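Have the model open while you read.

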Amino acid sequence: MTQEERRADTRERLLRAAADLFARKGVDAVSVDAIADEAGRTSGALYDHFGGKQGLVAALVDTMRNELAAVIGGESGTSDDPERRIDALWRNFVDHPDEQGGLWLLLEHELWLRAARDPAVREALAARYAAGRKGMHRAFSEWDAEPAVPPKALPPLVLALLLGLEMQRRLDPSAVPDHVARAGLAALFGIDLD
């Protein structure tokens with residue numbers, strides 16, 4: 001590997017380790033040394049790449065910037081059938097297809113908590129959500145649906161519904177069966193599910 005490739009590999013390992021540890025334990029409960037150990041790197045490498053834990057949190061938010069819109073828009077944009085789009089929207093959100101599975105949503109919640117307490121993280125996360133809503137607006141405008149709300153209101157409402165349903169389902173899976181989630185999403189899009 002070239003030096004540039006090694007640096008990129010180290011950065012990626014540190015980001016992956018931080019995402020995993022932050023999701024499982026919380027940002028404040030994880031030390032720089034624990035992240036470095038999990039990544040198989042030194043704490044000096046973490047400081048070199050990110051300047052510290054705060055810089056690592058900001059970089060993590062930046063790397064996740066487009067993932068939200070991609071997850072939400074993903075497979076739901078490949079079908080013209082409104083019911084399939086609703087199913088894909090819910091499935092891609094609640095059963096995330098990456099190697100970390102549901103940890104990305106735990107990380108999402110953890111970053112939200114951190115942002116609620118830290119203005120620097122708040123600004124970065126707000127920008128990330130704004131970009132996600134913009135991507136969702138573009139994707140949803142291509143759906144053959146007549147939303148029950150104004151088109152600009154659809155992305156934040158869909159996002160709020162998805163996050164809220166996922167939170168409830170994580171605590172009590174029987175509280176949010178798939179048909180309930182689909183019905184809520186369909187109602188926002190003005191789609192009548194059979």
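**Notes on the helix packing**

1. Let me start with Leu-159, which sits in helix α9, the helix spanning residues 154-171. Keep in mind that this is a predicted model. Leu-159 has a relative accessibility of 5%, so it counts as buried, the cut-off being under 20%. Its C-alpha lies 9.4 Å from that of Tyr-129, although 30 residues separate Leu-159 and Tyr-129 in sequence.

2. The axes of α8 and α9 are 8 Å apart, and the angle is about 110 degrees. That angle makes α8 roughly perpendicular to α9. On the α8 side the contact is made by Tyr-129, Arg-133, Met-136, His-137 and Phe-140, and on the α9 side by Leu-154, Pro-155, Pro-156, Val-158, Leu-159 and Leu-163. Sorted by class, the contact of α8 with α9 has nine nonpolar residues, one polar and one charged.

3. Helix α9 has another partner in α7, which covers residues 103-117. Here the packing angle is also about 110 degrees, with the axes 12 Å apart. So α7, too, is roughly perpendicular to α9. The crossing of α7 and α9 is left-handed. From α7 come Leu-105, Leu-106, Glu-108 and His-109, and from α9 come Leu-163, Glu-166, Met-167 and Arg-170.

4. Now some context for the whole chain. Taking contacts with a separation of 6 or more, 65% are between residues 24 or more positions apart.

5. What about the core? In soluble globular proteins, nonpolar side chains tend to be buried together. In this model the largest nonpolar core has 52 residues, and the members that touch the most others are Phe-22, Ile-35, Leu-56, Trp-90, Leu-107, Val-158 and Phe-189. Helix α1 (residues 3-25) supplies the largest share of this core, with eight residues.

6. Phe-189 deserves a click of its own. Setting aside residues up to four places away in sequence, Phe-189 touches Ile-86, Leu-89, Phe-140, Trp-143, Ala-145, Glu-146, Pro-147, Ala-148, Leu-154 and Val-158. Among these, Ile-86 and Leu-89 belong to the α6 side of the α6 and α10 contact, to which Phe-189 contributes from α10.

7. On that helix pair: α6 covers residues 82-94 and α10 covers residues 178-189, and their axes come within 9 Å, crossing at roughly 120 degrees. At that angle α6 counts as oblique to α10. The crossing is right-handed. Helix α6 brings Ile-86, Asp-87, Leu-89 and Trp-90 to the contact, while α10 brings Asp-178, Ala-181, Arg-182, Leu-185, Ala-186 and Phe-189. By class that gives seven nonpolar, no polar and three charged residues for α6 with α10.

8. Which residues of helix α4 are buried? Within α4 (residues 53-63) they are Lys-53, Leu-56, Val-57, Ala-59, Leu-60 and Val-61. Note that a lysine, Lys-53, is on that list. The buried residues of α4 pack against α1, α2 (32-39), α3 (43-50), α7 and α8 (119-141).

9. To finish, a closer look at Val-61, which is in helix α4. Val-61 is buried, because its relative accessible area is 0%. Beyond its neighbours within four places in sequence, Val-61 is in contact with Leu-111, Ala-124, Leu-125 and Arg-128. Val-61 and Ala-126 are 65 residues apart in sequence, yet their C-alpha atoms are 9.9 Å apart in space.

Note on methods:
Residues numbered from 1 in each chain as written. Predicted model: local features only at pLDDT ≥ 70, side-chain atom pairs only at ≥ 80, totals over all residues. Heavy atoms only, no water. Helix = DSSP H or I, 4+ residues; strand = E, 2+ residues; numbered from the N terminus. Buried < 20%, exposed > 50% of the residue type's maximum accessible area, 1.4 Å probe, protein only. Core = buried A, V, L, I, M, F, W, Y, C linked by side-chain atoms within 4.5 Å. Contact = heavy atoms within 4.5 Å. Axes fitted to C-alpha atoms, helices over the stretch in contact; angles between N-to-C directions. Parallel < 35°, antiparallel > 145°, perpendicular 65-115°, else oblique. Left-handed = near helix turned anticlockwise from the far one by under 90°. Nonpolar A, V, L, I, M, F, W, Y, C, P; charged D, E, K, R; others polar.
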